[in-house]
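I opened this notebook to record what I looked up, entry by entry.

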Amino acid sequence: MKVTFLGTGTSQGVPVIGCSCEVCTSVDFRDKRLRTSVHIEVNGKSIIIDSGPDFRQQVLANRIRQLDALVFTHEHKDHTAGMDDVRSFNFLQQRSMPVYAHPRVQESLKREFSYVFAEKKYPGVPQIDLHSIGLAPFQAAGVTLQPVEVMHYKLPVLGFRVHDFTYITDAKTIAEEEKEKIRGSKVLVLNALQKQPHISHFTLDEALAMVEELQPKQAYFTHLSHRMGTHRNVEKELPGNVQIAYDGLTITV
């Protein structure tokens with residue numbers, strides 16, 4: 001299984017508009033972070049988790065020419081705003097795009113993209129085939145995904161485990177029964193927003209503590225803000241089995 005980080009930034013991305021901090025003015029390509037998304041290739045199938053505002057740019061940059069399913073973690077705009085661009089895959093693949101989301105998230109999609117779900121559709125709008133998911137395992141393009149519910153302050157968000165890979169973004173707390181779904185993962189991806197306390201995201205120390213508790217062979221941190229510090233400096237603070245992910249990073253699980 002091949003995993004590519006399409007974006008590793010927060011809702012504002014990095015650099016942040018108008019900011020002149022050390023991170024936002026860095027010339028290191030690893031400090032340029034689009035909104036968080038990941039591409040999974042397994043058994044010849046192509047799945048993307050979350051299509052934020054940078055979806056088109058991410059797909060082009062990573063030369064993704066096939067997409068078999070789009071899966072959503074939750075309804076926030078930095079994770080859903082780019083769904084319109086699946087229309088290019090509709091044209092290329094001559095079929096509707098299977099989209100997997102919790103019913104609550106589907107209601108948000110129907111509001112935000114009302115023209116896509118209208119009874120009388122304008123020619124050329126994205127062709128979407130919605131599938132409801134909850135906490136039970138489901139198949140997308142023949143690939144089994146195990147949802148893992150985490151809490152983004154008071155909002156339930158879904159992470160996903162695929163074989164030995166678990167991907168979690170926008171988490172602040174994880175219930176014990178959901179941690180059991182993660183245990184045994186060889187690779188764990190977690191959000192780590194910044195070093196300072198935050199109401200709805202893991203801090204760096206909280207993410208490190210979760211890695212220590214769950215004991216994956218390797219962990220990667222994503223959904224980083226410019227307040228975290230530069231990639232080069234933060235990596236020096238991490239244990240050997242933990243890395244900061246960056247846009248375009250590809251790993252094999």
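**Cavity, pocket and cysteines**

I searched the whole structure and found one cavity of 30 Å³ or more, a cavity being, on a 1 Å grid over the protein atoms alone, a set of points where a 1.4 Å probe fits but cannot get out. I noted that this is a predicted model, in which local features need pLDDT of at least 70 and side-chain atom pairs count only at pLDDT 80 or more, while totals for chains, interfaces and linings use all residues. Residues are numbered from 1 along each chain as its sequence is written, and side-chain values use heavy atoms, with hydrogens and water left out.

The largest cavity has a volume of about 50 Å³, volume being the space filled by probe spheres set on the grid points. Its lining comprises 13 residues, where lining means having an atom within 4 Å of a point, and Asp31, Arg33, Leu224, Gly229 and His231 lie nearest the centre.

I then turned to the largest pocket, for which I noted a volume of about 190 Å³, a pocket being an open set with protein on both sides within 12 Å along at least five of seven lines. Of the 13 residues that line this pocket, Lys2, His39, Glu41, Asn62 and Ile64 are the closest to its centre.

Last, I looked for disulfides, that is, pairs of cysteine sulfur atoms within 2.5 Å, and the count came to zero. Cys19 has its closest cysteine sulfur in Cys21, at 3.6 Å, which is too far for a bond. For Cys24 the closest cysteine sulfur is also in Cys21, at 3.6 Å, again too far for a bond.
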